[in-house]
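Trainee: I would like to go through the labels used for this model and check each one against its definition. Shall we begin?

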Amino acid sequence: MIFTPFERMMAFRYLRARKSESFVSVISAFSFLGIILGVATLIIVMSVMNGFRAELTGKVLGLNGHMNVVSNTGNLRPYDNWVKVLNGVNGITAVLPQIEKQALFSVSGASTGVMVRGLSVGTFQSKPVLKDAIIDGNMKAFNDGTGVIIGRELARKYRLLPGDDIVMLSPQGKASPFGTLPRSRRFSVSAIFDVEMYEYNQGFVFMPLTAAQQFFNLPDAITTIEMFTSDPQKTPDYMDDVVSQIPSDLTVYDWRQSNGSFFNALQVERNVMFLILTLIILVAAFNIVSSMIMLVKDKAKDIAILRTIGASRRSMLKIFVLAGGMIGVAGTAAGTALGIGFATNIETIRQGLQNLTGTELFSAEIYFLTQLPAQVNWSEVISVVVMALVISLLATLYPAWRAAKLDPVEVLRYE
């Protein structure tokens, strides 16, 4: 739609407030602010949801295998042959045997349940998420088989430092004349890790594989074979090859199946938030409709005069479309800048608000992560901008049509 200098001049003039039009200007200002808030909030929330998904997916894929093989009967014994077989499957880049079982973590009589992962030193070092997460201590005691690696939250809870002793108790006890006694063993804290996921920092203990086999009474056995692939998004394709290489008493599952409900919940929440926040833009658009209708009514005499001196109905339509559209364009531009600026600095803003208010705005116990993530998806930003502009443009059509349909004779007759 091409606008003439006359149409642009009239549209800008109608947007400028006069004393007699202050109420119309207030409604227009609220429309402008509504579009800013709607667009900015939508971009911020979508960026945070994208950040959550990307961060959690990265952590899950870094800490856990892309695919796992387990035995339907409980433990895998012997397992060396299956490690060799799976290493030869197309698309598999690493095959890592490990033990994963629950145990009781005890310090000075205080106890808590933890998930123990028994894995070799090479397996631990092959996972950058774990290797780079060591914040205190070293791997010496872990390499010797006498130490374990615990999370930051677990160490903070029991005030533990590298070198301190802890006791691990296994639910698989040993028989005695007095009944089944829990199996226990003393370990030292070799190192403390922080993977920026509260669930792992608080509830996981990494133990040397040989020590875990002795502790859980699993000589020459494991519970899980972890597999990493060249592309975690293609695990369904690799699973068919894995299934063809293993017997029926073994089961294979990928990271989507083990975390499916969690990621589905994130996607549903993301879609619902998008729909809810879009309503803010729709409300702002209705404000544009009401302010433009009131402007048309207030300018009815001016419109009639313009029509009598030669302005066409098409010009009247374009003038009010431009007047309302400028509110939408300006609000969308300001909202986009605000949303992108907020999303890219959201963790800094959160820290500042926490220090200012003295309250915790992002609890790691609830949200799993220790930092508030945000990832701006530019295709989504473009979609939000286009949607806001279209809604704003559609909101101007009815008031502009009313302005174009005004009969100058009827208007001027009663003046």
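**Labels and cut-offs**

Mentor: Start with Ser108, which sits in the loop between strand S2 (92–107) and strand S3 (110–119). Helices (H or I, at least four residues) and strands (E, at least two) are DSSP runs, numbered from the N terminus. This is a predicted model, in which local features need pLDDT of at least 70 and side-chain atom pairs pLDDT 80 or more, while totals for chains, interfaces and linings use all residues. Residues are numbered from 1 along each chain as its sequence is written, and side-chain values use heavy atoms, with hydrogens and water left out.

Trainee: Why is Ser108 called exposed?

Mentor: Its relative accessible area is 80%. Buried means under 20%, exposed over 50% and partly exposed in between (1.4 Å probe, protein chains only), so Ser108 counts as exposed. Ser108 also has a positive phi of about 55° although it is not a glycine.

Trainee: What makes Arg159 exposed?

Mentor: Its value is 76%, which puts Arg159 in the exposed class. Arg159 lies in the loop between helix H7 (152–158) and strand S6 (165–176), and its phi is positive too, about 55°.

Trainee: How do you know that Asp144 and Lys140 form a salt bridge?

Mentor: A salt bridge needs a side-chain nitrogen of Lys or Arg within 4 Å of a carboxyl oxygen of Asp or Glu. The N to O distance here is 3.5 Å, so the pair qualifies. Both residues lie in helix H6 (140–144), four residues apart, about one turn of the helix. By this rule the model has six salt bridges.

Trainee: What makes Arg152 part of a network?

Mentor: Arg152 meets Glu153 at 3.2 Å and Asp194 at 3.3 Å. Asp194 is in the loop between strand S7 and helix H8 (198–203), and Arg152 is in helix H7, so this pair ties together parts that are 42 residues apart in sequence. Arg152, Glu153, Arg156 and Asp194 are linked by salt bridges. Arg152 has 22% relative accessibility and counts as partly exposed, whereas Asp194, at 17%, is buried.

Trainee: How do you know that the buried residues of helix H10 (235–245) are on the same side?

Mentor: The buried residues are Thr235, Tyr238, Met239 and Val242. They cover an arc of only 110° around the axis, which puts them on the same side of H10; the arc is that of the directions from the helix axis to the C-beta atoms. Asp240 and Ser244, on the other side, are exposed.

Trainee: Which residues have the most contacts inside the largest nonpolar core?

Mentor: They are Ile149, Val195, Phe206 and Phe320, in a core of 65 residues. A nonpolar core is a set of buried Ala, Val, Leu, Ile, Met, Phe, Trp, Tyr and Cys residues joined through side-chain atoms within 4.5 Å. Helix H2 gives the most to this core, with 13 residues. Apart from it lies another core, of 44 residues, among them Val69 and Phe187.

Conventions:
Contact means heavy atoms within 4.5 Å.
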